[in-house]
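Subject: Structure handover

Hello,

Here is the structure I promised to pass on. Please open it first, then read my notes below.

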Amino acid sequence: MTTTVSDRIRLRGKKHQMLPVDTVDLSCFVPHNPVSWAVCLYKVYAGAVPVLPTVRFESGNFFAADWASINKLWRRGFYGKGTLSRSEPSWFNRTKRRLRLDEGTELSSEEIIAQRRHQREEFKRQRQELDALERRYKLEEDSANLARVEKLRHALTETKGRHARSSTPVEEVEIRPEDDVLIQEGKLQNIEVLQLSHTETLFLKLIGCIDIQSEDGPVGLKTAWMQILGLEFTSEDSRLLRFIAYAHYRSLGWCVRSGLKFASDFLLYQRGPPFQHAKYTLRVCGVKEGSMSWIRYSGINRVVSGVKKTMVLSYVTSEWNENEFESIREQMECCSDDHEFALLVADLVSHYRVDEVVYHRWVANRNRE
Amino acid sequence: MIPISIVNGKYFIFDIDSVKRVRNDHLIIGTLSGTLSILPQQNILLGLPLQLTSEEALWLTEMGLGYLIFNLKSSGLNLEPKVAGDETRLNTVESSDSDRKLEIYQSESVQSELSADLRKIKDSVGYQTFKFFKSFQNGSRYAVLPGMRFGGKYLVYNGDPLRYHAQFIVQPLDYKKDDIGMINIVNNGRLSTGVKKLWVVAGEKEDGSTECFSVEWAGFG
Amino acid sequence: MSLMEIIAQNLVHFHLWTSIQTFPKSSAKGTPHGVVRGVPPKKLSETTSISSTGETESSTTDKPDGDTSEEWVLPLSISDKLTVENIEQIFESIRSVGSYRPKRIIAGLLDDDGSVVYYFIHDGLVKPRS
């Protein structure tokens with residue numbers, strides 16, 4: 001399930017698929033060729049039964065646990081996150097490799113990062129040693145040895161770039177008692193699931209792309225909405241604004257993912273995490289909520305610009321008259337049909353608009369050109 | 001004692017020897033804010049006077065190191081000068097302009113009355129923390145500067161900022177009331193670790209002592 | 001799964017910690033969701049604390065003999081509120097379940113997409129790493 005380099009090339013060749021839905025390719029259709037009609041009819045018929053990814057709902061969390069659903073949600077739009085991985089669920093393959101239950105799979109991004117960290121530490125350690133030597137020789141005024149150290153340092157910086165690419169062999173297998181319980185009849189049990197965030201779940205359910213199942217049976221849109229937002233929300237509820245912003249950018253084709261690591265609400269990817277880094281971080285702002293202090297804006301911006309991203313303030317605004325808002329909210333409360341509920345949500349969302357402001361640090365002396 | 005002038009509600013030291021003294025002996029840094037007469041068209045290099053933050057001015061007076069000077073016209077404060085009486089000592093200094101008299105108040109009672117602004121700060125959560133760092137390890141080892149650039153109230157340096165990097169980004173909080181905020185832990189933890197500092201939350205306990213916790217990225221996850 | 005169990009699982013199977021022990025809220029009073037004790041696969045970086053008298057000391061001196069790479073993880077949800085006083089109480093709570101007051105704890109913050117980020121909270125001031 002790990003997106004490897006070869007996968008990446010394959011995925012890139014595919015058309016933009018930002019929703020976990022099945023599509024039927026009818027490019028073979030030629031109007032004046034009856035044979036192509038038959039082929040197309042067959043294709044439509046064969047693909048007519050849509051299989052929606054199944055999302056389970058347990059103790060407040062929404063997640064996909066079967067490979068088919070996980071695959072679809074991840075590969076088509078990059079929804080969700082492996083609970084034991086950085087983004088895509090790679091725990092199973094990683095663990096197999098770590099416990100030597102499997103040979104020859106490509107390295108996942110977690111393993112590549114671990115490798116790089118290891119190499120960086122090694123590089124730093126060697127550099128420190130050389131620094132110590134240099135200091136000693138300087139004190140002793142030993143110019144011959146100083147030149148030697150200089151040469152070594154040169155060699156070290158030269159190899160730094162090259163080392164980063166070559167892979168180091170995997171270390172010795174160590175099976176912890178914690179791992180032992182996961183292996184049943186010689187086979188590793190998968191314990192990782194693809195967890196969807198609340199906004200993702202609500203968005204996918206709203207546009208009818210997932211089935212949600214709980215212990216008590218299927219979960220409809222209204223039930224999911226009640227679990228996530230409840231029906232007591234105000235027109236400026238921050239969770240509602242977050243959802244609206246999420247739906248807005250997803251509809252525009254962005255891949256939107258959690259931005260917690262950068263103290264933001266969302267990250268915007270042009271295509272998805274396997275392809276490139278996110279260029280933008282998004283902070284959802286209401287108009288009425290007390291705005292943050294400038295100290296906090298500047299602090300967040302420092303983190304965001306430190307990772308070469310642009311901080312976008314996304315203002316979600318509305319022109320409600322309170323009665324109108326209350327009436328939609330009450331209708332949502334009384335509504336028992338999921339389709340009708342979806343229309344009400346669409347109506348609610350259509351009252352909001354989203355505007356962006358880009359936040360940049362501006363230094364008078366440095367930004368003169 | 002170092003004279004601190006109040007102009008328009010801001011605090012200044014006009015005398016170069018005093019500037020040297022507060023910096024060298026007490027690590028009070030302030031900001032040079034006057035243009036240089038020989039290079040008036042630039043604002044990279046600035047000269048006297050040295051502007052102090054309210055915390056710095058208050059701390060200097062509280063420590064008995066400085067006293068406030070008032071120019072009633074430019075102070076921006078609406079105060080009737082309290083003339084003499086009991087133990088209040090009032091010095092009047094003639095300035096070149098006879099209309100602009102500088103009144104210098106040195107008695108403690110008058111000092112505190114004049115600095116209404118300072119009194120407000122005195123009780124603030126921030127000043128307690130400022131004082132905590134100034135008195136930490138028996139005083140004057142730390143320089144405490146405004147920390148907006150790094151997303152905190154103060155930046156704390158282990159010595160003169162020209163020679164040392166800041167060690168701490170400090171956020172003073174009400175011990176019992178203020179929520180630190182999970183998003184702040186993430187942001188400031190990340191920020192401070194990235195610039196090799198620590199983010200410190202500090203709150204004053206009921207007994208007057210200050211409790212601090214330092215936050216940094218744990219190196220994984 | 002409770003928040004504490006999610007964090008414990010994340011530690012064991014994502015970050016490969018061992019000897020995990022969980023203390024629920026009922027025993028670790030004052031913690032929002034309980035507390036987790038465990039040993040990371042590689043010793044986490046050491047820090048030097050700065051005391052008010054000016055002496056510096058290593059951060060592990062308080063630990064009982066034996067395992068010095070043991071760490072305490074405080075599970076938190078992104079919607080939790082925490083005051084400075086709460087942190088003090090949490091340190092004291094760990095003293096009562098673990099029989100010593102650790103020099104630092106690790107806050108494990110869970111987002112609603114299942115990701116966890118970890119931050120040290122040191123008791124008092126420590127020296128930043130160079």
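The contact between chains A and B takes eleven residues from chain A and twelve residues from chain B. On the chain A side, five of these residues are nonpolar, four are polar and two are charged. Keep in mind that this is a predicted model.

Next, chains B and C. Here 32 residues of chain C are in contact with 32 residues of chain B. Four elements of chain C each supply at least two residues to its side of the contact: α2 (84-98), β6 (104-110), β7 (116-123) and β8 (125-126). The largest share comes from β7(C), with eight residues. By class, the chain C side has 18 nonpolar, eight polar and six charged residues.

Look at β7(C) again. It pairs with strand β12 (residues 210-217) of chain B. The pairing is antiparallel and runs over five bridges. To find the spot on screen, pick B:Val215, which stands opposite C:Ile121 in β7(C).

Now chain B by itself. Its domain assignment gives domain 1 (2-121) and domain 2 (125-215). Eight residues of domain 1 are in contact with twelve residues of domain 2. On the domain 1 side, helix α2 (residues 54-62) of chain B gives the largest share, three residues. That side divides into five nonpolar residues, two polar and one charged.

On to the inside. Which residues have the most contacts inside the largest nonpolar core? They are B:Val156, B:Val200, C:Ile106, C:Ala107 and C:Tyr119. This core has 141 residues. Helix α10 (residues 238-251) of chain A gives the most to it, seven residues.

Chain A has its own story. Its secondary structure comes to 13 helices and 13 strands. Of its 369 residues, 30% count as buried. Take the contacts in chain A with a separation of 6 or more: residues 24 or more positions apart account for 63% of them.

Last, the annotated positions. An unreviewed UniProt entry lists A:Tyr269, A:His277 and A:Lys309 under "active site". Why do they gather at one spot? They span 41 residues in sequence, yet no two of their C-alpha atoms are more than 10.9 Å apart, so they come together in one place.

A:Tyr269 is in strand β10 (residues 266-269) of chain A. Is A:Tyr269 partly exposed or buried? A residue needs 20 or more other C-beta atoms within 10 Å to be buried. A:Tyr269 has 19, so it counts as partly exposed. Not counting residues up to four places away in sequence, A:Tyr269 touches A:Trp254, A:Cys255, A:Arg257 and A:Ala278.

A:His277 lies in the loop between β10 and β11 (280-285) of chain A. The cut-off for an exposed residue is 12 or fewer such atoms. A:His277 has 11 other C-beta atoms within 10 Å, so it is exposed.

Best wishes

Note on methods: Residues numbered from 1 in each chain as written. Chains lettered and ligands numbered in written order. Predicted model: local features only at pLDDT ≥ 70, side-chain atom pairs only at ≥ 80, totals over all residues. Contact = placed C-beta atoms within 7 Å. Nonpolar A, V, L, I, M, F, W, Y, C, P; charged D, E, K, R; others polar. Pairing = 2+ DSSP bridges. Domains from an automatic or database assignment. Core = buried A, V, L, I, M, F, W, Y, C linked by C-beta atoms within 7 Å. UniProt positions renumbered as here; feature names shortened; annotations may be inferred.
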